[in-house]
There are 2 protein chains.
Amino acid sequence: MPLNSSPRIQDVAEATNVSIMTVSRAMRGVEGVSPAKRAEILRAAKRLGYRPNRNAVSLAASHSTLIGISLPTLFNEVFADILDGMRRTFDMAGFDLVLDNSDYDPQREEAWVERMIDWRPAGVVLSGVDHSQRVREQLRGANIPTLEIWDRHDDPIDICVGVDHEAAGVMIGRHLASLGYRRPAFVGVEAGRDPRAEKRLAGLRRAFADHESQVMVRRSERHASFEAGMNETIALLAAPETRPDCICYLNDHMAFGGMSTCEKAGIAVPDGMGIVGFNGLGINAVLAKPLTTVLTPRLLMGSMGARLLLARIHGAKVDRSVSIPTELFPGQTTRLQERSQNLNQGLGQPVR
Amino acid sequence: MPLNSSPRIQDVAEATNVSIMTVSRAMRGVEGVSPAKRAEILRAAKRLGYRPNRNAVSLAASHSTLIGISLPTLFNEVFADILDGMRRTFDMAGFDLVLDNSDYDPQREEAWVERMIDWRPAGVVLSGVDHSQRVREQLRGANIPTLEIWDRHDDPIDICVGVDHEAAGVMIGRHLASLGYRRPAFVGVEAGRDPRAEKRLAGLRRAFADHESQVMVRRSERHASFEAGMNETIALLAAPETRPDCICYLNDHMAFGGMSTCEKAGIAVPDGMGIVGFNGLGINAVLAKPLTTVLTPRLLMGSMGARLLLARIHGAKVDRSVSIPTELFPGQTTRLQERSQNLNQGLGQPVR
DNA sequence: GAAATCTACGTTAGCGCTAACGTTGGCGTT
DNA sequence: AACGCCAACGTTAGCGCTAACGTAGATTTC
């Protein structure tokens, strides 16, 4: 063994007087080695500090133990949670994670998928289900187990685990409508930058269509932050005649920014204005007035997705599309119960 | 070329009637190929959809284009920022990132470093400078370019880029002392879980030693969250006789939890209690009463670290240890100027 | 008790690429 | 004309490992 170079399988073979194939079998726990010899080989390997070169293993096996993961961003607690949920599972199974952040840019994702395939990864994880045709073709063509996570779809590239965002939007809309809100607004980011948010907006519109209410929409050109929530809310409040009576935000951070803005402007939350966030982020646990939001079980989604992808990698038959239920969390930023329309109009007559 | 298998260099060589070595040179942009032939080869490669198998490249070259990155967690905005700062730089240079989260556990880090070395990575990034002796030996022994980021050290494993946390602690302490605070407290997490925080505490103690003030310390057993900040603050306020007059938190999130707790308890911030966070996190931009905190340029640190590591990988001579300056941000959670001790004691005499 | 079977190995032939060195032919030099 | 030189290729020998097949001796089968 040359100086300053790690030991190879050959070195272990020589140290134990067996062929390198026997060492290979012993190291991998494959059958065909007597228990005594296996123990001796493992001891020698440990003594010499031998560890298989993963590049060589990957080449010989025609695929690596890398899992490629593409998420839009890690600034978003949602994706950090999902990643964490997956990490433990993949780690325990001996896979290493190659991470990319697409910054919500499909072209970046496409370029990265191509590069990732060059590693012959054991699997690939993409966020959401909206991907370029080329990405779909490449992954299917290369026959790489692929998990789409966070959103759901009836025809995933391979398998998917996620939330039904349109249904969540409907749930929010019905809740608001049942509390008597009738002038809804939605604050998100530029169309295409977050397809999930657009689906929730579609659900919201569907729910309010029953009440013949239009949904006002504002989209920030920046990312979905506290500040963006403030700015768009200021814009929504500018014209009193078109002022909404409730605002649904893309997430809790924006919603918090929006709520602060309303209160600074002297608008009472939840009576003058209903505020709804999304995701149930950490911040909500310490707000004096917790946000009404939708809880999304992200860690669970991550670990479930990872386990499913592992099963798929090992050739098991798994569900193609798994839907994760969400839950509406009624905070103090929406009314507790319907405020009578009549009272609202000052008629002074109780309804019912 | 077999069905359902990607083209190899051989296929391109046959399509263009040259040896595979010429294709290899053309693809890599290495000299020794005429411009005409190079163009023809690249055209054929594109047409066939040929892309070099990275596992084979890595094996033949005896090292991969992977960069291993170990961060404690991504829930912490700090590390998400640092990662993002590095990502762009590495991405543009054609490196792929293998990510691990150690959860602040040195043993996990050690195990991961060992596994990472099996990939013969082009470089490794670790967070902080506190690593087991074995990690240091392994990385130095394998001669892998290694960047330690976020903290600084005079004898890094290889190179380091970070903040001088003890100096930051001193800066905070002097600021508080200059404003007349004399009963400081520090709220962090269990010792060993965040060595940087301990260094800041040491700096804080050093600054207050000049005023013969002891620093009260509380450490949460949970992670540095809003809630943990609340809980430890409640504990600090429990005994009125030992109540501090200012509290430094491990980060802005904890500080926000602490500030909310004080105000709920009827303690005026900043007069009755000074509150200092750390890092200048996103939340601070939207708080009604911005926290006094220390701004740490994390994106800059990430991209600078990445550029330095790249230079190191390419064999350039670089500084072993780079210190990044921090800046104290005076928010509204510490007094604006010294409140006279005399006035404080009701003597009614102006000082000086 | 001879054939069939099994256990515990070894041998051969790659996986797909690159470093290092070899070869060829055209060109300038004297 | 003889030589050296260089650009533009090709050839050889791996990188470190595994799949697939081969084989010797022990064990079982009927």
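These questions and answers walk through a predicted model, from its numbering to its strands, loops, chain contacts and DNA surface.

Colleague: What kind of model is this, and which pLDDT do local features need?
Modeller: Residues are numbered from 1 along each chain as its sequence is written, and chains are lettered from A and ligands numbered from 1 in the order in which they are written. The model is predicted, totals for chains, interfaces and linings use all residues, side-chain atom pairs count only at pLDDT 80 or more, and local features need pLDDT of at least 70.

Colleague: In what order do the strands of the open sheet of chain A stand?
Modeller: Strands (E, at least two residues) and helices (H or I, at least four) are DSSP runs, numbered from the N terminus. Two strands pair if DSSP finds at least two bridges between them. The open sheet has four strands with parallel pairing, and their order is 7-6-8-9.

Colleague: Why is one side of strand 7 and of strand 9 of chain A left without a neighbour in the sheet?
Modeller: Strand 7 (216-220) and strand 9 (274-276) of chain A each have a single partner strand, so one side of each has no neighbour in the sheet. Both stand at the edges.

Colleague: By how much are neighbouring strands of this sheet turned against each other?
Modeller: Axes are lines fitted to C-alpha atoms, for helices over the stretch in contact, and angles run from 0 to 180 degrees between N-to-C directions. For this sheet, direction is ignored and the average is taken, which gives 20°.

Colleague: Which residue in strand 7 of chain A stands opposite A:Phe186?
Modeller: Strand 6 (residues 184-189) of chain A is joined to strand 7 of chain A by five bridges, and the two run parallel. Strand 6 of chain A also pairs in the parallel sense with strand 8 of chain A, over four bridges. In strand 8 of chain A, A:Phe186 has the bridge partner A:Cys248. In strand 7 of chain A, A:Phe186 stands opposite A:Val217.

Colleague: How many of the six residues of strand 6 of chain A are buried?
Modeller: A residue is buried if 20 or more other C-beta atoms lie within 10 Å of its own, exposed if 12 or fewer, and partly exposed in between, with C-beta atoms placed from the backbone. One side of strand 6 of chain A has A:Pro184, A:Phe186 and A:Gly188, the other has A:Ala185, A:Val187 and A:Val189, and all are buried. The strand is therefore largely enclosed by the rest of the structure, and the buried count is six of the six.

Colleague: Is A:Ser62 buried or exposed?
Modeller: A:Ser62 lies in the loop between helix 4 (54-61) and strand 1 (66-71) of chain A. Its phi is positive, about 65°, although A:Ser62 is not a glycine. With 10 C-beta neighbours inside 10 Å, A:Ser62 counts as exposed.

Colleague: What is omega for the peptide bond from A:Val269 to A:Pro270?
Modeller: A:Pro270 is in the loop between helix 11 (252-264) and strand 9 of chain A. The bond from A:Val269 to A:Pro270 is cis, with omega near 15°.

Colleague: Which residue is the bridge partner of A:Leu99 in strand 2 of chain B?
Modeller: Two residues are in contact if their C-beta atoms, placed from the backbone, lie within 7 Å. By that rule, 39 residues of chain A are in contact with 39 residues of chain B. Strand 2 of chain A and strand 2 (residues 96-101) of chain B run antiparallel, joined by three bridges. There, A:Leu99 has the bridge partner B:Leu97.

Colleague: Which residues have the most contacts inside the largest nonpolar core?
Modeller: A nonpolar core is a set of buried Ala, Val, Leu, Ile, Met, Phe, Trp, Tyr and Cys residues joined through C-beta atoms within 7 Å. The largest one has 166 residues. Contacts of B:Val98 include A:Leu97, B:Ile67 and B:Trp119. Those with the most contacts inside the core are A:Val98 and B:Val98.

Colleague: Which helix gives the largest share of the surface near DNA strand C?
Modeller: A residue is near a strand if its C-beta atom, placed from the backbone, lies within 6 Å of it. Among the 25 residues around DNA strand C, A:Ser19, A:Ser34, B:Ile9, B:Ser24 and B:Ala60 come nearest. The largest share, five residues, comes from helix 4 of chain B.

Notes. Lists of a residue's contacts leave out its neighbours within four places in sequence.
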